[in-house]
Structures are given as structure tokens and as C-alpha cells.
Amino acid sequence: MKSWTAILALAACLLAPVATPAPADTGWTDTVKLAVLAYRPKPETEARWRPLTDYLSGAVPGHRFELLALTYAELEAAIATRRVDFVFTQPSHYVLIAQRMGLSSPLATLIDRAGERPVSAFGGVLFTRADRRDIAHLTDVRGKRLATGTMASLGGYQAQALALLEAGVRVPEQISLTVTGPPHDRAVMEVLEGRADVGMVRSGVIEAMAAEGKLDPARLKILNRQDLPDFPFAVSTRLYPEWPLSAMPHVRDDLARATAAALMSLPLDSPAARAMSIHGFTIPADYRPVEALMRTLRAPPFDATPDFTAGDIWQRYHWLIVGLIVAGAVILLLVVALLTVNRRLRQGERLRGTVLEALAEGVVMQDASGRVVTANGAAARILGLTPEQMRGRDSLDPGWSAIHENGEDFPDDTHPATVTLRTGEPCRDVVMGLRKPDGEVTWIAINTAPLRHSGEREPYAVVASFIDISARKRMDAELANVRQQVLDITQSIPVAVYRYRLDANGRPQLLYIGNRVESLFGITAAEALRDPARLFERIHPDDFEAFRAADLAAWRSGAPFVHELRYFGANGETRWLHLESVPRAMADGSRVYNGFMQDITAQKQAAAALAESDLRFRQFADSSDLVFWLRTDDQMLYISKAYESVWGRSCQSLYENPASFLDSVHPDDLDRVRAAFAAVRAEGVDFDQEYRIVRADGSIRWIHARSHAVPGIDGSGRRWAGNAEDITETKQVELALREKTADLERSNADLEQFAYAISHDMRQPLRMVSGHLQLLERALGDRLEGDERANLQYAVDGARRMDAMIQSLLDYSRVGRGTDPKAWLDSREPLDEALDFLAPAIAEHHAEVAVTGDWPRLHASRDELTRLFQNLIGNAIKYHEPDARPRARVDSTIVGRVWRVVVSDNGIGIDPAQIGRLFQFYSRLQSRARFDGTGMGLALSRRIVEHHHGRIRAESAGAGHGSTFTFEIPLPDPADGGADHADHEYPASTTPSPQGAPA
């Protein structure tokens, strides 16, 4: 009997209203259930409103709010059974359930959000396809097919129905209505796919679908569009206030007030408000317009026939009333007589009815055919039917939808009333479930007894009494569920849960232990319960006394028991175990400990490995010349000893004040370093600075310090790891190198200027010599003979060749100085220009030049590239065997960000051993008697390619096998404006520089 009392007490606790306060000294948190109408799919509803319950759980102390996303039917059922505490639903639904089931006045009204604008009202939208010319006004809707998500929706049906009614269109009588079910999107798709002419949705739905990419708004036409300047959505009806949040009658006033205050206090730009895409909540709006709409439409709960006044009745039926009065007078005389005869009978019936109605049990009487003759109010309440609806139905009526406890159908011929009528024997405590149309099951326990006339065996009726045991069934199910959950948890967590008792004398008794004990000790839970001493035998001998002492101390103090020890595991190896339990004092002086055991060998090994790793790091850091550190915003966690030798300051000074390193920064670098350090703390960027420090002895050293964010123990990045090195010697070398480079640059510029001046100024006297030699040749004419004429020709030819060599030197020195500046151009343009210059030579030698590939746009000097192509293609035409027709091929490709051009020919070829000389000054591989030239063409080509940060090379299989010249030039990013960048440059050409050429 005591066990049943305990179970019922536990059930009462589980089923008590969640808003009931818990004892102040327990620290418990009450669970408050907030039901939200799921007019969108439940996962979407839960995702949107979950931040609201999270916010309320933190804003209303001592209460944890739980979210329930429910359909219309589920929400009404939950309210009817008082399984929720607060209700958040659309306005017309609130009016309905407030009228039928009783709800508080709204505590607050939602303020929605459209972008960054608050929206505290909504309306309905009527729309059709944009190509429907026959539907332009509300009156055009008559006789058309309309689609809505649900007729219970204020914004999706009722607001439009009122607007149509006011326009003279009665809905649904004068239209064909299709109810798609939620969400509203389905009504839109019905119209777009041609299954409906007109759709009805809540304001904002069309805009939301457009934002999600589900709908092009241009495909729809809004009917009866309202011009509302402050309303951000298309709307066809008047506006109604947004959703109200209200409390159930059983919710305490202080909880309702605290919840309302929390809703009003929800910050507008809080994470919760933004997560729900709302602006917040405000004081309750006036919902009387919503009630007026429902009364006009005669929507539930205002769908009953309105009352007629006495004047209405007299005006319509006065002749009938006169006749009834006359007939009534006659009937009255008969009734008086009947009343006199039946007075005592009625008194007996009244007494019986009073008794039946006073019963909490349902009572039903069925005649011999099994049909219900009468039923009391309790039966009607339990079965969810009125006595009139029950009267005339028999036990075999399939509408009862009876089921067994295992969920199988209840055979009609086994119904207790049917059995009693058939056998004449009563039935006791038969459990039956009745499934209602909404899917909910009411569980009842039935007792039946036969009614017989005196002297007859066959019953003429049967009386069935039953009680509603649904709450008990739910309690049993919840208890079983809780029991299974606890069992699942204890079996799934990686710890062995246990429960043991110490009596007043400290004697232990193991009450329960989880199955995980087998994986720890190799002993099953059943074996441990039979003989707990087997567990103690597994404790390491060196730790047993400490365990007993800690256990005894905890027992004497009544404090929780927490201890770590070594034990022998299932395989006999030595492992570490963590034990923890909390005592609960019992009335008989004993204590019951609920606790757990967990293997922590891995944690112990990890801690040892971490300590070893930390030791190795410190040994490495302290032996390095680099300074290593780890710090947070305000605390130095570690600094290596090298800091003292580099800075000349103690490490302790940084532990005491991490920012004191700024005290040693050179004054000229202090502002830059301080700004970089502030950016690290404010923006989390990396620190990478070179700066000078002034040591305590006055010496100045250069430091290169770097640091970057690293995750902390909790995963956050609010700590920095860094290192610093003394780069004073490197800086000194860099300074010397910069000075040497500057000297070389000045010398190089002087050499270029000298070469330009010399080549320019030497041409004037050379032209005089050449001119006078030519004049002398014409003057002497035929008087010159033999060697005299040959010597004069040698002199003229030598002057001409010297002029060509000086001109080529002048061209070389002008690259980058006297040529076109670099600009964006199509690379094919300088090639075409070079081919125009070479046209006479191409025609003279009947040469073929093929051009292929992709020609990019690049930043270059136009005339320099023209000269480059002219030299390479000209050489291909020039250097060929007399009996061979010159053929050259120019191929352009783009490889990554590099432009590669290959010029190949079928010419005389090059000795591979001589390729290294090709690009030197005045380097000739062929005699002048065979091929004329200065030997500067390829040197000038190398100079042009290197001026564009590129490189050039030559390849040949030898004499008679032709040659291939390849140059590559990097392509800068157009976003850089064509500026040259060092990271685009190639290393210097692999061919040696000519003697005397600028570096």
C-alpha cells in the first residue's frame, strides 16, 4: 500500500501545473510551457520562437520556459486539458479560444519587423495572376475559384472574407473555395499553377517568398490594394493588431506580471529580437475589431443563430401565435391533469437524475438491443458527446473507435455492455480506449451490471459505469518513459552510476550499480550487487587506506564524497578511477549516496603528457636566443629568460606589468609601436614590428617582434603567442648594403649617361669622316686604281660599320630612357608594326611568317616591343641558307600571369656551345663576309626584355637545324594601374652580361 502511495505522490508532482512554485531552499527551476501557433511548418516555428523562451528563461528568475509549436487543433486540445501556461496565437484564434475556453486578457502585443521598421499590425491580401484581365475588382471574384491556407486564419481568410462581404460577395457561398492547409505559400502556388483564380494570404507572405527567391512578384496582381504610407507590405484589407500573448487562468498573477514585464523589456536590437526578426512587444492592443469581424462573418464561436426579439416573433407569426394560444389553453387543462397524476413519478425521476448528475463516474443505461437510453453529465464529459448525441447509439457503433491497451481494435462483440446483455453476467474493470476524431485517445475503466424484471433471467437493460483513467494512463506512460530515460542515460554515459546506503553505524549496503561497472572492473552489475566486496578488492593496495580515510571523513561530515585512486581494470592493468557521490540524509539516521565512477586514465595520461610537453617547451625556449612569450590582454603568462639578456630587464617586471616593455622603446619608434600594440588589443590583428630599444646601460638595439592570436583553453582567441629577436647586426648589414646599392645605382646611372653621350657625340665626327671620304671618292673618280680604290673603299665601309655600331650602342642606352613610356596596349599591335617594317625583307627573301596563339593586353613600351619583334623575326629571315626559303613562326601563350612568346625558324642554326655568347655586346657568330651586322641585335633584345622584368633564352640543335628564341614577360594586374612590382620580376637572364654593361 505504501508503494502505491509513493507512486501516486510522484505522479502528482510530475503532473502538477508547471507554474507551481518550488520550495525556496531546493534551487529548483519551474518549467513554464509557452504554446505558439504553428501556421508555418513546426521546425520553422520552433527555430524562430526558440530565442523567445530562451530570453524569458533568463529574464524571469526561477522559471525555465519551454516552447511548444502546435497546430490549431493541437493548441486547442492543449488549452482544454491545461497542458500549457501561456498562449501565443493569431488574433482571431485568440478570440475563439478566449470565448470557448477562457484565457486572460492579452499580456502584450507583438511588434513585428520589416527590415528595420517596426510593424504592429497586419492585414489580408487578395491576389491573382498578373495576366488575368477578367479579375480587377473585388466584385470580379464572384463565382471564381479561391485558395486559402485555412479558414481559421485572420490574415489568410477572415479579413478578405469581410472585405468581399462588404463589396457584396458572400464567402464561401458565392465562390468555390480550396483549403490547401498551411503554410500560406501553398495558396500562392495554387494561383500560379492555375488551380485557383484568386489567392488569399497574410500580408508580408508575398514579400517574404520574393526575398527567399521562391516568387517573382511581377507575376501577381494585388486586388483592392490599400494605400497605407507607413505600412511596408501590399495589403487588400483594413489592418488588425498583431499577435497577442496571453496567460491561462491557472497561471499565478505574479508570474503573469513578471512575464509581461520581461516581454516589454525585450531590447529592440537584442540578439533574441534579431533572431526572431521582431521589433519587440508593446502594451496589449485593442482586439475588439477582430471580435467584430468574427461576429459579422458569424465565425466560431459566433456561428450560433442570433436571437429573435419578441417583436420579431409577433410580426412574423402573430396568426400562428393566436392559434397556439387557443390550442395551448386546451392542452393546459390536460397537462394539469397529467401533472397531478405524474407528480410523484417526476419526484422519483428527479431524485434519480440528481443522484446520477452528482456522480463523478459516467453512467449509461442501454436497452436490450444495446442502444443508449440515458446518460448522465459525467458520461457526456468523459466521452466528449452530449447526452443527445449518445442517445440511440449502441455498443457496436463503429464511431466509438474503441481500442485495447496494446493499440489493437476492440472487437465489438467483446464490449462489456454487449457481454453482459449476452451472458447476463456483470463485467469488472475493463480498460478501453476511445479514439476521438482529432486522434486523441480517452481511456476509461468500465463496470457493467444487468437489469432484469422480476422473475426473468434475460436482462432488459444494462447499466455501465466508467471513470476517465486517461490521466492515470498518461502518468503511467510518463513514469515508464522517465524510468526508461534514466536507464538509457545510465547505460549510455561513460560512467558507472551507483547508489548505496550507510546506516547510522556506517555499515554500507550497495543498492544499485549501472552496467558500466563491467567495462571498468570486469564484474557484472549483478555480481557486484551480490558481493560488493569484489569491487573493493580491485582498489590498488597503495591507495586503499587513503580511500578508506576519505570515505570515513565524508561520512562523519555529511559532505559530498570526491576521491581519485588507482585500481586494477578488467584486463588486470593499473588504471585511474574518479569517484563522486552526494549524500541524502534519511529519517532513520542513515544516508543514501547517489554517485558515479569514471575511468580517468586517459585524462591522467594527458595531464602527464601536457606537463612533459610544457617542460620540454620551457627547456627549449630558455636555451634559445629568441625571446618567446604568451600573454592575454592584461596578463603575461610566460616570458623566456632570453628577454633579460636582450632587453637588459628582468622577466619579473613583465609578469608584474606586461605593458612595461613600452618603457624601453626608443622615443622615435614609440608612437608606431604603441599604435600597433593598441590595434592588436582592439582588432585582434597580428603584431609584426621592427623597432629600437634603449637598454638600461644606454645602448641601442634593434628588435624584430611578432605575435599572433592563439586559442585559449575555452577556444577563444584572446591570448597572443609571440617571439622577438635581436636584429641589430642584421640592421647594420642592411644599412651597409643600402649604402653600397646606392653607390652602385649612382655609378650605373653615370655609365648609362656616359654611354648615351659618347654614342651620340661620336656620330658627328664620324659622319664628317664618312662624308669627306665619299666626296674624295667622287672627286678622284677614275683616277683611283688598284689598291688606292680598295683602300678608299675599306675606309668608307669601316666608317659606315662604325656608325652602325655607334647607332646600336645609342639604341641600347636609350632603352627605358628615350623610348615610349609604358602604357596599356594590345600585344599584337607592336608585332604587326614590326612586320610592316620587315615587309620589304620578307618580300625580298620570299619569307613566310606564321603568327599563332593568344595575345594579351599588357603594360609595356610600344616601340621597345616593336624593336624586339623586329630583331627576332629579322634574324629568322636574315640567317638562312641561300637555297632555303626562310620560314618563321611566332607563337604567343599565357601561362599563369606570364606572357610567353616563342620565335622559331628554319635558319642556319647555332652551335650549342656558342649560345652563351649570343646576348653579349657586338657578339658575332658568323663572318661579315657571309652575313652583315653589328652583333648588337640580341644584346638590345635582352635589354628590352629585362626592362620589362622578363627573361630571354635561345635554343638550337646545331648548324642547319634552325633556332628558337623564347622570351617571357610577367603580366601585372590591371587593378594595379600597370605599375611594375618586384614580385613580378624574374631573376636576371642566365646569359652573362657583356663587359662594361650596366648591372
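Helix H4 (residues 91-101) packs against helix H10 (residues 288-297) with the axes 9 Å apart and an angle of about 80° between them. Helices here are DSSP runs of H or I with at least four residues, numbered from the N terminus, and axes are lines fitted to C-alpha atoms over the stretch in contact, with angles running from 0 to 180 degrees between N-to-C directions. H4 and H10 are therefore roughly perpendicular, a label for angles of 65 to 115 degrees. Pro-91, Ser-92, Val-95, Leu-96 and Gln-99 of H4 touch Val-290, Glu-291 and Met-294 of H10, where contact means heavy atoms within 4.5 Å. By class, this contact holds five nonpolar, two polar and one charged residues.

This is a predicted model, in which local features need pLDDT of at least 70 and side-chain atom pairs count only at pLDDT 80 or more, while totals for chains, interfaces and linings use all residues. Residues are numbered from 1 along each chain as its sequence is written, and side-chain values use heavy atoms, leaving out hydrogens and water.

Now move along to helix H26 (residues 828-837) and helix H28 (residues 862-878), whose axes come within 8 Å and cross at roughly 50°. H26 and H28 are therefore oblique to each other. On the H26 side, the contact includes Leu-831, Leu-835 and Phe-837, and on the H28 side it includes Leu-865, Phe-869 and Ile-873.

Finally, the cysteines. A search of the whole structure finds zero disulfides, meaning pairs of cysteine sulfur atoms within 2.5 Å. Cys-427 counts as buried because its relative accessibility is 14%, and buried means under 20% relative accessible area with a 1.4 Å probe, protein chains only. Cys-651, at 7%, is buried too.

Key. Buried means under 20% relative accessible area, exposed over 50%, partly exposed in between (1.4 Å probe, protein chains only). Helices (H or I, at least four residues) and strands (E, at least two) are DSSP runs, numbered from the N terminus. Angles under 35 degrees count as roughly parallel, over 145 as roughly antiparallel, 65 to 115 as roughly perpendicular and the rest as oblique. Ala, Val, Leu, Ile, Met, Phe, Trp, Tyr, Cys and Pro count as nonpolar, Asp, Glu, Lys and Arg as charged, and the others, Gly among them, as polar.
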